[in-house]
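Subject: Structure handover

Hello,

Here is the structure for your files. My notes follow below it.

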Amino acid sequence: MMETENLAPQNIIRHNQVTILCSLCEVAFNPGETKTTICTNCIITQTDISIGITKEGIINFCRFCRRYLRPPWTLCERESKELLSICLKRLRGLNKVKIIDAVFVYTEASTKRIKVKLTIQKEIMNNTNLQSTFVCEFVEHYQQCEDCKKEFTPHTWGAAVQIRQKVVHKKTFFYLEQLLLKHNAHDKVLKIEQADDGLDFFYKTRSHAQRLVDYLAATLPISVKQSKQLISHDASNNTYFYKYVYAVDLPKICKDDLVILPPKLAKELGGLGRVQVCYKISTIIHLIDPLSMKVSELSIETYQLYEHDIHLFSLRDHQSEFIILDSERIKVPNLNESYMSSSQNQFIDRLTRITLMRSEGDMVPVTVKCHIGDVLKPGNIAIGYDLANLVIEEMEDIKSYPDVIVVRKTIDKNQRSQRIFKLKRMENEMEIEGAEKTKSKKKQQQKKQEMEEESFEEFMDDVAKDKDMRKNMILYRDEEAIKKLTPAQLKKKYTDKQSKQQNKQKQDEEWDDDNGDDVKLEELMRDLNLNDKELTEPVNEDEDINNFIERLAKVNIEK
């Protein structure tokens, strides 16, 4: 009994805990938990760990190039990780707390507000961690970046590339525009201005302009002249600031032009005829003799040497229409492989004898040889040069030349409504002299725009019928035009595998179909439309936050 009486008081003292009343809420609690006279709940309510952290900020945004100031100026989308890091760096006091999570709260772009929901954690006392969540708001402040300032301020460019071609149409520049867009060769350009005979590209540094000149030299026959002008000079540091200008000249010869060569140049090219037709432009000029159907190549250096002696006649100003009556393939006997594979005889397996008749004037049939007979069929209308009726002084000394030169098949303008593709264009500015536009200048500008639109439509027609030209471009689907097509018309726009195999088997006996060179839907790319409902449909804030919590990684700010 004595042992039990001695143990009982000890057990009672061991299980009893000392409690006191909180000095704020008067609730009993164990002071050993906080080691203060305040309970845990009061400490949480009375302590704000977000004190000292800025909850508002300003983000500089350039509306022209859509970039944010990091610095440097950085291109990033809304609600992206890059923009989140920029926002967090604008907040002060984050180095004293631990960031648990950071997500965006959805806001409309028109409000120019960016909201970020932050979850932070901090140790307040005695190894007690407190976690808090709050929302920070940032305002987009418009400010021009340095590149945009130089674009809108004169005398800020360091180098310019002036591309010129003295022809009536703009097809060469349309083709050059698509090449630049596909290979992104104009990414460093500050501004593009449109002149009467070409385009002007302005760059910040000389190296950027030299990059464009090198690309042009690898794609087109050009001649380059470089000049520089001293702008400023610092004698103390012995530094000079120059402006560089690259004058790039394109030859006047264009595709399908009639070329009259001087006698000396005709001998240098292998004794071919003086009457030639340009059928292709690459880094060199490709010509074909309409009599012998042999091909010759003219380099840019040779062209510059005989530039004033070469006479050119464009198809646009001297064309005539012909009706195809009959076409017969010219069968070539078995020849050596070396002869067939030479560059001069690349059209020898496609030669045809065509019987045609002028659509206007005398209806006398004329039989000529042609290198595009695989495209022409009886009943088609072709365009070319009627040398028998054209009055050309330069051809008086020439004895042998054909009466008619067929260049290509006509393209029906009514088929433009069935065009299923479109091309992207570069933004450029018209160069207009004078500060005020008079009525006469407005009329001239309207005429130029109408001629340019018509020239672009002709260029689109050429793209629709030329496979080789489409290889160097990116064609996009025209969804509105595709919806207007009938099921029968839409079926023709798909490539049939069985018809491909049949055409390969009959290639030696028959010509290809008329629609063989047409643009098919398989060749086109889908264009990004920013007005789609899926992209512009608003998202609920709760769903938006949960979605970004799952996708975004936790962001840690280091000291």
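Two strands pair if DSSP finds at least two bridges between them. Strands (E, at least two residues) and helices (H or I, at least four) are DSSP runs, numbered from the N terminus. This is a predicted model: local features need pLDDT of at least 70, side-chain atom pairs count only at pLDDT 80 or more, and totals for chains, interfaces and linings use all residues. Residues are numbered from 1 along each chain as its sequence is written, and side-chain values use heavy atoms, with hydrogens and water left out.

**The sheet**

Six strands form an open sheet with mixed pairing. The order is E5-E4-E3-E8-E7-E6. E5 (73–75) and E6 are the edge strands, each pairing on one side only. From one strand to the next, the twist averages 35°. Axes here are lines fitted to C-alpha atoms, for helices over the stretch in contact; angles run from 0 to 180 degrees between N-to-C directions.

E6 and E7 run antiparallel and are joined by seven bridges. Phenylalanine 104 has valine 116 in E7 as its bridge partner.

**Helix H4**

H4 spans residues 81–89. Its buried residues (under 20% relative accessible area; exposed is over 50%, partly exposed in between; 1.4 Å probe, protein chains only) are Leu83, Leu84, Ser85, Ile86, Cys87 and Leu88. What covers them includes E3 (56–62), E4 (67–69), E6 (98–105), E7 (113–125) and E8 (128–142). Contact means heavy atoms within 4.5 Å. H4 lies across E3, E4, E6, E7 and E8, at about 55° to E7.

**A cavity**

A cavity is a set of points on a 1 Å grid over the protein atoms alone, where a 1.4 Å probe fits but cannot get out; lining residues have an atom within 4 Å of a point. Points are joined across faces, edges and corners, and a volume is the space filled by probe spheres set on them. The whole structure has two cavities of 30 Å³ or more. What is the volume of the second largest cavity? About 30 Å³.

Its lining is Arg78, Glu79, Leu83, Phe104, Val105, Thr107, Ile114 and Lys115. Leu83 is also among the buried residues of H4. E6 and E7 each supply at least two lining residues. The lining divides into four nonpolar, one polar and three charged.

**Strand E21**

E21 (366–370) has a covered face of Val366, Val368 and Cys370. Thr367 and Lys369 make up the uncovered face. E20 (352–358) pairs with E21 in the antiparallel sense over five bridges. Threonine 355 has threonine 367 in E21 as its bridge partner.

Best wishes

Methods
1 Å grid on protein atoms, 1.4 Å probe; cavity = no way out; pocket = protein on both sides within 12 Å on 5 of 7 lines; lining within 4 Å. Nonpolar A, V, L, I, M, F, W, Y, C, P; charged D, E, K, R; others polar.
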